[in-house]
Amino acid sequence: MEPHGPRESPPWEGSSLPGAWPSSALGQAFSQILHQFAGQESRRGKARSAALEDLAALLEAKECDRLFEGSDASLRGMPEMLGQVAKALGKYAAPAEEPEGKGDRHSEVAEKAAAVALLFLKLLRKVEAAKSSLVCPAWKTSLRPLAGHVYVFAVTHSLEQSWTSPRSQEVAGQVLALLLQVTECGSVAGFLHGENEDEKGRFTAIMGLLKPDLTKDSWKNNPATKYVFSWTLQKVTRPWLSQHLERILPPSLLISDDYQTENKILGVHCLHHIVLNVAVLLGLLDLFPILEKALHWKGDGARPTTHCDEVLQLILTHMEPEHRLLLRRTYARNLPAFVKRLGILTVRHLKRLERVIIGYLEVYDGPEEEARLKILETLKLLLQYTWPRVSCRLVVLLKALLRLLCDVARDASLTPEHVKSALLEEATDCLVLLDRCASGRVKGLLAKISHSCEDSQVGNCIRRVQQLSEGAPCDAT
């Protein structure tokens, strides 16, 4: 820690400062420490070092044993004061965005973090001691303004990053463990969403603390914020995540839209977690009007892309190489909703949708065939909304659907008959729509093979297409 000359008496031994903080000597001491952290730029280094030493001495003082006593009127306002102190400590130890080649600054951050972690450990032990005292029933209320700032600090410095060291990671991990112990939470997830249905949890408060540093203009000022957001998001799963969509989706989109590959990957991981853990992904679609309220097409030029476009593009990026059946079903289950939402604007994604549809139709999906059924539903919608662009894809889609008919007809697995029937019916409906979009060309091509088809089920489907393929080309709906 930086030397700063002879020390004066500790700030709680005498002088006082006016304000809305607690009027006790303890309150005045914490108030002076906050003023030291907010000193002028030229003196800030020395002042902050002095503030850390003063705070360490203050926490060792006997007077601090009363910090979390709710019955002392002179300590009213102390929880909010401690919250501000915790905020100042977190800001003091936070990494700043640095140009390349400034690794020495990161080692300085790690040293600061280790020193601040020791102070947080002292403070949390005061809370733990108050819990066992019968005269301290208000420790939970007193801890509330403090807990969020302590959590953000602990996660910032317990992860392996360029600004952390083995020592800073260790003590920050101790802070997080003690915070969970003090709050009587068995896990970080329990701390965030609550240990039971009656407990609210602290996820909303944590997102509120991170929000100012997750805007378009600020999110790169503190390189730790995006990692704290991502790590915290990953800890909250269904069914708790659905209620927080408005808080978690915009930052995830913001990070994923960055030009740096590292940030793109981090943002996609966040979106992937949201897709998998929102009970009904359609909730995303309910939020899009809020996110897109500033985008109004005035008819001059192409319509602007929307958040719905961005999310669909990311989902298709994940769908195409995905081989795990559970994830394939999850993606396919929600794909029709995005096509409905975008309508004719789905043409923006037509090439990638075509590849995904053909790829998914080729793969057996188990007894219930959920993925292939949803993909067929998606294809039907696509044919209805984007029919002017379908004729050039006629051969590719026709081959994929005929291959599916043959695969299902020859399927000797345990797939129930009603599932096979559903697949055959959906595929036949797609062929009928495809024929209408292609002005009857499908019916003409099928006529060449209908008489030579040996499988009765496939033959029945072809004949049905020939019978139903009548009428005008599709209209966008």
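Tutor: Start with Lys220, which is partly exposed because its relative accessibility is 28%; that label covers the range between buried (under 20% relative accessible area) and exposed (over 50%), using a 1.4 Å probe and protein chains only. A quick note on the source: this is a predicted model, where local features need pLDDT of at least 70, side-chain atom pairs count only at pLDDT 80 or more, and totals for chains, interfaces and linings use all residues. Residues are numbered from 1 along each chain as its sequence is written, and side-chain values use heavy atoms, with hydrogens and water left out.

Now for the partner: the side chains of Lys220 and Asp258 meet in a salt bridge at 2.9 Å, N to O. The pair joins distant parts of the chain, 38 residues apart: Lys220 sits in the loop between H8 and helix H9 (225-235), and Asp258 in the loop between helix H10 (245-256) and H11. By salt bridge I mean a side-chain nitrogen of Lys or Arg within 4 Å of a carboxyl oxygen of Asp or Glu. Helices here are DSSP runs (H or I, at least four residues), numbered from the N terminus. Asp258, at 8% relative accessibility, counts as buried.

Carry on into H11 (residues 261-277) and you'll find buried residues including Asn263, Leu266, Gly267 and Val268.

Terms used: Helix = DSSP H or I, 4+ residues; strand = E, 2+ residues; numbered from the N terminus.
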